[in-house]
2 protein chains.
Amino acid sequence: MKITRRGLMTGTTGLAAGAVVGAAAGVATERSGDSTGVASYPFRGAHQQGILTPVQDRLHFAAFDVTTTDRAALVRLLQDWTEAAERMVAGGSAGPVGPVEGDDRLPPDDTGEAIGLPASRLTLTFGFGPGLFSDADGEDRFGLADRRPKALRPLPHFASDAIDEARSGGDLCVQACADDPQVAVHAIRNLARIGMGTVAVRWSQLGFGRTSSTSRSQATPRNLFGFKDGTASVKSEERDAIEEFVWVAPGDDPRAEWLAGGSYLAARRINMRIETWDRQSLRTQEELVGRTKSSGAPLSGGDEFDEMDLEMPGRDGPVVPVDSHVAVVHPDNNGGVRMLRRGYNFVDGSDVLGGMDSGLFFVAFVRDPDTHFIPLQSAMAKQDALMEYLKFTGSALFAVPPGVRPGEFVGQALFA
Amino acid sequence: MKITRRGLMTGTTGLAAGAVVGAAAGVATERSGDSTGVASYPFRGAHQQGILTPVQDRLHFAAFDVTTTDRAALVRLLQDWTEAAERMVAGGSAGPVGPVEGDDRLPPDDTGEAIGLPASRLTLTFGFGPGLFSDADGEDRFGLADRRPKALRPLPHFASDAIDEARSGGDLCVQACADDPQVAVHAIRNLARIGMGTVAVRWSQLGFGRTSSTSRSQATPRNLFGFKDGTASVKSEERDAIEEFVWVAPGDDPRAEWLAGGSYLAARRINMRIETWDRQSLRTQEELVGRTKSSGAPLSGGDEFDEMDLEMPGRDGPVVPVDSHVAVVHPDNNGGVRMLRRGYNFVDGSDVLGGMDSGLFFVAFVRDPDTHFIPLQSAMAKQDALMEYLKFTGSALFAVPPGVRPGEFVGQALFA
């Protein structure tokens, strides 16, 4: 049996989410070198999907501005989004009727481009931006100011940032990940459609290839520098590290207990100067990264996942250069901090100089950006030799509420 | 056995192109509902790849400006591109050495992001723009003016065009199609790298989902209006139609006999006003298109591939409205002309009004744009009711030389 989007085949409402579908799932995962054996994930649970979930191949990320000051309208939107999201991640349509089944004198409640496509491991992850708690004028438009998470404010300016405000910020975000980009795009597009009059898309970003793994069962993918990326990212199998670095714990933030079991999502659009990079020698590239390009092993030796020796002497200082990327962001140099990363490669056509407008859309989930993200980003901006090849063009921070329990809507505890 | 990109696994130089690789190929094609059973296609042949080839899932299309007036440098580029393309479509690296195998004091001759990825049915299709035969000042910089194909000039302005010059034209083009976007991006990026100093990327476009089929074995995919697209597109099984509508025949153009066995590639970036579209009733949408949204059957009845009856009376004129898209572009209304289409859905973030910058990157291969493309585009621009929901933002025309024979380079006959 195949899970297909509601429409022409069979209704899917009754299908168990999280179903393991042998052949189809084998197909979906083989291409990226994985074998999750899963066709879809349950929408509800203790934590939101799309964080620990084995990283899917494709991304459509959207940030929204809330265009109303009506708290009830905002709540209604979150209820509607919850209902639509639960349906879509199970392989169903956005609305209860479907793209072609309703009264033809009305607009369909699903846009139809995913008719016949399987669930494709779609996950939808929702986040709340600083603007939800006070708008640009400092106005507490939804009466939420006293529940604002302590670390939820626009990310600071980092040295060498070249941020495009039109690609930054947002009151709400939705991260759609799937193995089929048409399924991810369909989800975002329908959530935007459902939100018309309450929200407007502020910016959105497609990612064509994952640059991180969240499970030891996944091979480490490569970024556009040609290097394996995300080797040191926290994996879902590391239960202790997940508790320590990813989830906001009860008591972390007494003012925002609603966020316990959630996380923070830091997004950074990182343009890579790939044309310049491609002219560097293999040795230079490896010294900038601190790992070999072939296996991803530390320059101090061993295999990809072996511990690196930051002290091992080379001909000219440590064999892993002190200003190499891996040395600068290594937990030993950052109070032991690690991140769960979920970034994607992107190419958005050409830039004005005829280079490719391409790079890495960085997404990380952290327990506290003030201690787990901002210091690392600052260290990178100041010391990382790789920065010469990077340009940060987008920036956003969101608080990601915990999972949605049966009968609840996304972020319900915030409004209780 | 799995075909992998040269690098860490095995060298692939010796692999037979076009190999059928059971498991891997089944994987690659199942996701898009096809079963070509093919892992890679031979680069050389009577015609270029990427035209009749069953349409792959993903696209990266690039247009280049030639930045030299040195004819020998242009020829050298085409030789280098031919060599790299033949290697990459077989699953190998861009250069003969590979991403990590060479002298580490030199820049690698492959950028590495495709290490370990299979050939993914990559095809690379090359085209020559008007600027190769005379530049913006009318200068015959490469001594090719007297061999210019008669129909190769910039496409005219059509009613309701809103063309962005930065997304239009180009002296050369490369269409990279593959089932894995990372493989398509890798190919374009490495061709641009190889061409540094001779060409510069003018614009490029990613497409995330095919919107047409070139084989009866492929299901018809859906565009962002939610409708099946490309139902009437010429299929590779229609041998007579292919000869009549796709390939330039010997004698078609005495001045450009080098183009015999080739074709013309018309590219149009079509933004869709999807937010407005989504507010239309199902009936209105179907009357604008002229087909049902569910099966894609003509409104005159039957199944998707049944002939439509343009005369069948409805309550208010023909049941297939005269200004519907399918009626306006129907061969009966256009001297019997048909096209082989190979377009892709795209989403490039947001537009300035907060809508999605999304639509269809239209690509068609035609025997003669003056008779097989421009009249249809004019008819659409003037009469097609769908135009209210479309905005044409990019435009380009290229002459696509015939296939590359053993020992030759792409387009060699043009320079003979």
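## Basis of the model

The model is predicted: local features need pLDDT of at least 70 and side-chain atom pairs count only at pLDDT 80 or more, while totals for chains, interfaces and linings use all residues. Residues are numbered from 1 along each chain as its sequence is written, chains are lettered from A and ligands numbered from 1 in the order in which they are written, and side-chain values use heavy atoms, with hydrogens and water left out.

## Interface of chains A and B

Between them the two chains bury about 5,200 Å², 59% of it on carbon and sulfur atoms. Buried area here is the accessible area (1.4 Å probe) that two parts lose on being put together, summed over both.

Four salt bridges are counted between chain A and chain B; a salt bridge is a side-chain nitrogen of Lys or Arg within 4 Å of a carboxyl oxygen of Asp or Glu. Arg189(B) pairs in this way with Asp278(A), with the closest N and O atoms 2.9 Å apart. Helices (H or I, at least four residues) and strands (E, at least two) are DSSP runs, numbered from the N terminus.

## Salt bridges within the chains

Over all chains the structure holds 40 salt bridges. One of them joins Arg141(A) to Asp171(A), with the closest N and O atoms 2.7 Å apart. Both residues lie in the loop between β2 (123-128) and β3 (172-178) of chain A, 30 residues apart. Arg141(A) and Asp171(A) are buried, that is, under 20% relative accessible area, with exposed meaning over 50% and partly exposed in between (1.4 Å probe, protein chains only).

Lys228(A) forms a salt bridge with Glu304(A), the closest N and O atoms being 3.2 Å apart. Lys228(A) lies in the loop between β5 (209-210) and α4 (239-245) and Glu304(A) in the loop between α6 and β7 (313-314), so this pair ties together parts of chain A that are 76 residues apart in sequence. Lys228(A) is partly exposed, at 21% relative accessible area, whereas Glu304(A) is buried, at 10%.

## Helix α2 of chain B

Helix α2(B) has 19 residues and reaches 27 Å from its first C-alpha to its last, close to the 27 Å expected at 1.5 Å a residue; the expected span is 1.5 Å times one less than the number of residues. Its buried residues, among them Leu74(B), Leu78(B), Trp81(B) and Met88(B), pack against elements of chain B that include β1, β3 (172-178) and α10 (412-415).

Glu86(B) forms a salt bridge with Arg44(B), the closest N and O atoms being 3.0 Å apart. Arg44(B) lies in the loop between α1 (22-30) and β1 (58-66) of chain B, so the pair ties together parts that are 42 residues apart in sequence. After α2(B) comes Gly91(B), whose phi is positive, near 95°.

Notes: Contact = heavy atoms within 4.5 Å.
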